[in-house]
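Me: I would like to go through a structure with you. Could you take my questions one topic at a time?

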Amino acid sequence: MDQVSAVLINKALDGLSMRMVAIAENIANSQTANYRPVRVSFEDALAAASNRGIDAIRDVQPRMEMVPVSENGGKMRLDMEMARAAGTGARYAALIDVLNRQTQLSRLAATGGQ
């Protein structure tokens with residue numbers, strides 16, 4: 001795996017991890033009066049940085065922000081949070097699988113297939 005791909009995957013894992021924290025916070029506060037849910041965004045910034053090189057990728061930081069009031073009146077929907085949690089977990093697992101496969105290939109190459 002080239003260095004750019006490794007850094008991209010690690011940054012994506014950081015963003016997905018932060019998103020899971022935000023989702024957990026939203027679910028934990030689902031019955032809290034006047035609670036405004038939070039979201040994490042990083043994909044657009046990461047995609048733009050990927051065109052500018054590895055240093056730009058390293059500089060990308062996921063952003064946690066409150067959901068605008070215009071979206072669902074600023075209220076949290078538990079069903080949507082559960083769906084986001086499932087999707088985020090699946091994406092995280094897929095990226096971990098890519099890293100595991102790359103590690104296995106590197107190990108195989110280093111041992112000469114032994």
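Predicted model: local features only at pLDDT ≥ 70, side-chain atom pairs only at ≥ 80, totals over all residues.

Me: Let us start with α1. How many residues has it, and how far does it reach?

Reply: Helix α1 covers residues 3-28, which is 26 residues. From its first C-alpha to its last it reaches 38 Å, close to the 38 Å expected at 1.5 Å a residue.

Me: What caps the N-terminal end of α1?

Reply: D2 does, with a side-chain oxygen 3.2 Å from the backbone nitrogen of V4.

Me: Which residues of α1 are buried?

Reply: They are V7, I9, K11, A12, L13, G15, L16, R19, A22, I23 and N26.

Me: And what covers them?

Reply: The cover includes the strands β1 (38-41) and β2, together with the helices α2 (43-50), α3 (54-59) and α4.

Me: Changing topic: how many cavities of 30 Å³ or more are there?

Reply: The structure holds one. The largest cavity has about 40 Å³ of space.

Me: Which residues line the largest cavity, and of what kinds are they?

Reply: The lining consists of P37, R39, V67, E71, N72, K75, M76, R77, M80, E81 and R84. Six of these residues are charged, four are nonpolar and one is polar. Helix α4 gives the largest share, three residues.

Me: Now S70. Where is it, and is it buried or exposed?

Reply: S70 sits in the loop between β2 (63-66) and α4 (78-111). S70 counts as exposed because its relative accessibility is 72%, and the cut-off for exposed is over 50%.

Me: How far apart are S70 and Q31?

Reply: They are 39 residues apart in sequence, and their C-alpha atoms are 20 Å apart in space.

Methods: Residues numbered from 1 in each chain as written. Heavy atoms only, no water. Helix = DSSP H or I, 4+ residues; strand = E, 2+ residues; numbered from the N terminus. Buried < 20%, exposed > 50% of the residue type's maximum accessible area, 1.4 Å probe, protein only. Expected span 1.5 Å × (residues − 1). Contact = heavy atoms within 4.5 Å. Polar contact = N/O pair within 3.5 Å; in protein donor to acceptor, adjacent residues only side chain to side chain. 1 Å grid on protein atoms, 1.4 Å probe; cavity = no way out; pocket = protein on both sides within 12 Å on 5 of 7 lines; lining within 4 Å. Points joined across faces, edges and corners; volume = space filled by probe spheres on them. Nonpolar A, V, L, I, M, F, W, Y, C, P; charged D, E, K, R; others polar.
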